[in-house]
Amino acid sequence: LLAFDSLVEADRRRFQSDVDISLSRHKISSGPEVVTMELRSNSLQRYRHVARHMHSSWYRGVVNVAQVEHDFWKLVFDGLYQVVPENGLVNDFFTGLGLRSAAFNRSGWNFKSLLHSRDSMLRFTDNMSPTAPGHPSLHTSMLYSAQSWDCAPHGLYALHYIHYGGPQVWYSIPGKDHDEAEAAITQLSPDLHRKSSTCRFQIRKDLQAMPPLTSLLNKRLPVHRGLLKEGQILVVFPQAHVACISTGFTISESTHFAPSQWLPFALRVYTDAFQNHVEPSINLPEMLYKAAQDDKLSGDALGHVYTALKAFRDLEAEGRQRLQNTDIVYRHVGKGNPSNNTGKHGRQRMQHASDEPTSPKCRICQQFCFFSKVVETIGSVLCLQHACDRIAILAKTHEFVLVSHVSLEELNALVESVSRRLPKR
């Protein structure tokens, strides 16, 4: 193996041309954080053969976990070898993945059932996409396969289960040290993070960020270690950073879940994402709006939904109150009663629309605009808070239109309805 920088210019051009041709033959999907290339499908039997060959290249016979863990970190510290283990990922939307038997379709042990459990908040999201949070994924790994330091999106809980194979070594940093851990990993792996004017530091998901444990310990971070074996389940709590090392051929399954106890974490993550202009993975306002209308939620779940929904109602009321002091055009889309939307001169400038897609994202903070949005004449969408700021700067209200999808009266009535349904202490 030769470093790309060590090649002569002619070889570099030839190599780059070969890569471009190879990429053009495969389906590629890209986004702001990750580039995924779908390569040739391989059978599990072939993957297992490669995993056994990988193991036999380093060890003879059975080797203990401590030896593999020691050798892995030695490779990281020394940097003398380039080790490239293969990993497999299956996100199957139509099957039960590891639990394919009909007897387990409605079993609590089936990870897919978590999405539809009584107090699951994820069942109130758009979960028809295979990549939506809550759908389990099946993973295959081999010796030295590693999951870099990461935490679940939007502060969700996570489950990991080994169906078959060797144990995995897991490391964790508790959620209470989330900010310190993120800052430390960013500092230790600066090349693996990106920053822009509208986004805080974020790990590039297409690269590994696996700084040595001693570097994290030197920053006084509490790093915990555990061993996950075949037939065991690992639960990762919200905002905890985790990483793992595989000690051999392994078939595992993982998923995210969101009980009602997750909502306080979700609010903190939402506030942080709003302040740092980070695009969320879950439409939290829509989730709360749908959950508040569900009659099957338990009393504890209703309490969490009430607190979170009331916080969003207060933000919405504050934003609309600020806009009332302007002569902004108002348009209502929805079934609620549109009132209290007069301009500063007492005129109610209203337009009606029968149908319009909801939940676009603010072009500044990237947050979902579910209850309402402000549309500029140039076509861009703003949330109420950033619309107020921009109107104050431009002083041109005729360039903005307030579009309400849920009236404030309807939102107040929904909060009051949930309050009445709360169990009395």
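## An edge-to-face pair

In this predicted model, Tyr144 is buried, with a relative accessible area of 4%.

Trp58 and Tyr144 form an aromatic pair that is edge-to-face, with 5.3 Å from centre to centre and 85° between the planes. Trp58 belongs to helix H2, while Tyr144 sits in the loop between strand S4 (137-141) and strand S5 (146-150), so the pair ties together parts of the chain that are 86 residues apart in sequence.

The structure holds twelve aromatic pairs in total. One of them, formed by Tyr47 and Phe249, is tilted, with 6.1 Å centre to centre and 45° between the planes. This pair links distant parts of the chain, 202 residues apart, since Tyr47 lies in helix H2 (residues 44-58) and Phe249 in the loop between strand S12 (241-246) and strand S13 (250-257). Both Tyr47 and Phe249 are buried.

## Nonpolar cores

The largest nonpolar core has 36 residues, and those with the most contacts inside it are Met121, Trp262, Leu284 and Met287. Among the elements that give two or more residues to this core are strand S6 (157-165), helix H6 (263-276) and helix H8 (299-324), and the largest share, six residues, comes from H8.

Apart from this core lies another, of 29 residues, which includes Trp149, Ala181, Met210 and Phe249.

Key. Residues are numbered from 1 along each chain as its sequence is written. This is a predicted model: local features need pLDDT of at least 70, side-chain atom pairs count only at pLDDT 80 or more; totals for chains, interfaces and linings use all residues. Side-chain values use heavy atoms; hydrogens and water are left out. A nonpolar core is a set of buried Ala, Val, Leu, Ile, Met, Phe, Trp, Tyr and Cys residues joined through side-chain atoms within 4.5 Å. Buried means under 20% relative accessible area, exposed over 50%, partly exposed in between (1.4 Å probe, protein chains only). Helices (H or I, at least four residues) and strands (E, at least two) are DSSP runs, numbered from the N terminus. Rings of Phe, Tyr and Trp (its six-membered ring) pair if their centres lie within 6.5 Å; planes under 30 degrees apart count as stacked, over 60 as edge-to-face and the rest as tilted.
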